[in-house]
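Biologist: I have the sequence and the model open. Let us go through them together, one question at a time.

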Amino acid sequence: MSSCSGNCGSCASSGGCENQMENRMKHVKQAVLVLSGKGGVGKSTVSAMLATAMQRTGRRAGVLDADITGPSIPKAFGVSECASADEEGIYPAVTESGIQIMSVNLLLEHEDDP
């Protein structure tokens, strides 16, 4: 077995590489978790504002909206198209300001479906 080059796009293992996620995540320098056990406290607002502030200071930012009961990040950024996908995986939607976002409702046929 050959060693991993870190280039998953040219990997002969056809996606079977156990290092694939690690290779994709090696470019992420910092992660910020916005969490609360209570709903309606502004988690989505804080997340959207943090990402926007980071983007405005020249950093690259993305938001993963893991709220399955009320995903609101796409609405906060005015994004309504579905996420795209191919054999490599699912790609996040990109806001007008360049922030990458992924949310459950970007995977549904109708964004208001439960």
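Predicted model: local features only at pLDDT ≥ 70, side-chain atom pairs only at ≥ 80, totals over all residues.

Biologist: Which pattern does the protein follow along the sequence?

Modeller: Helices (H or I, at least four residues) and strands (E, at least two) are DSSP runs, numbered from the N terminus. There are 3 helices and 5 strands. In sequence order, the pattern is α-α-β-α-β-β-β-β.

Biologist: What percentage of the 114 residues is buried?

Modeller: Buried means under 20% relative accessible area, exposed over 50%, and partly exposed in between, with a 1.4 Å probe and protein chains only. By that cut-off, the buried share of the 114 residues is 21%.

Biologist: Is Ile101 buried or exposed?

Modeller: Ile101 sits in strand β5. Beyond four places in sequence, Ile101 touches a list of residues that includes Val63, Ile73, Phe77, Val79 and Leu106; a contact means heavy atoms within 4.5 Å. The relative accessible area of Ile101 is 1%, so Ile101 is buried.

Biologist: Why does Thr95 count as buried?

Modeller: Thr95 is in the loop between β4 (93-94) and β5 (100-103). Setting aside residues up to four places away, Thr95 touches Phe77, Val79 and Ile101. Thr95 counts as buried because its relative accessibility is 7%.

Biologist: How far apart in space are Gly98 and Gly62, C-alpha to C-alpha?

Modeller: Gly98 also lies in the loop between β4 and β5. With 31% relative accessibility, Gly98 is partly exposed. Gly98 and Gly62 are 36 residues apart in sequence, and their C-alpha separation is 8.7 Å.

Biologist: Which residues form the nonpolar patch on the surface?

Modeller: Patches take residues with over 30% relative accessible area and no salt bridge, joining like charges within 9 Å and nonpolar side chains (Val, Leu, Ile, Met, Phe, Trp, Tyr) within 5 Å. A salt bridge is a side-chain nitrogen of Lys or Arg within 4 Å of a carboxyl oxygen of Asp or Glu. The patch has about 260 Å² of accessible area together, and its members are Val32, Val46 and Leu50.

Biologist: Is Val32 buried or exposed?

Modeller: Val32 is in the loop between α1 and α2. Its C-alpha atom is 9.7 Å from that of Ala51, 19 residues apart along the chain. Leu50, in helix α2 (residues 43-56), is partly exposed at 41%. Val32 has 64% relative accessibility, so Val32 counts as exposed.

Biologist: Which element gives the most to the lining of the largest pocket?

Modeller: On a 1 Å grid over the protein atoms alone, a pocket is an open set of points where a 1.4 Å probe fits, with protein on both sides within 12 Å along at least five of seven lines, and lining residues have an atom within 4 Å of a point. The largest pocket holds about 2000 Å³ of space. Of its 44 lining residues, the closest to the centre are Val28, Gly62, Val63, Leu64 and Gln100. The element that gives the most, with 6 residues, is α2.

Note on methods
Residues numbered from 1 in each chain as written. Heavy atoms only, no water. Areas by Shrake-Rupley, 256 points an atom, 1.4 Å probe, with all protein chains shown as cover. Points joined across faces, edges and corners; volume = space filled by probe spheres on them.
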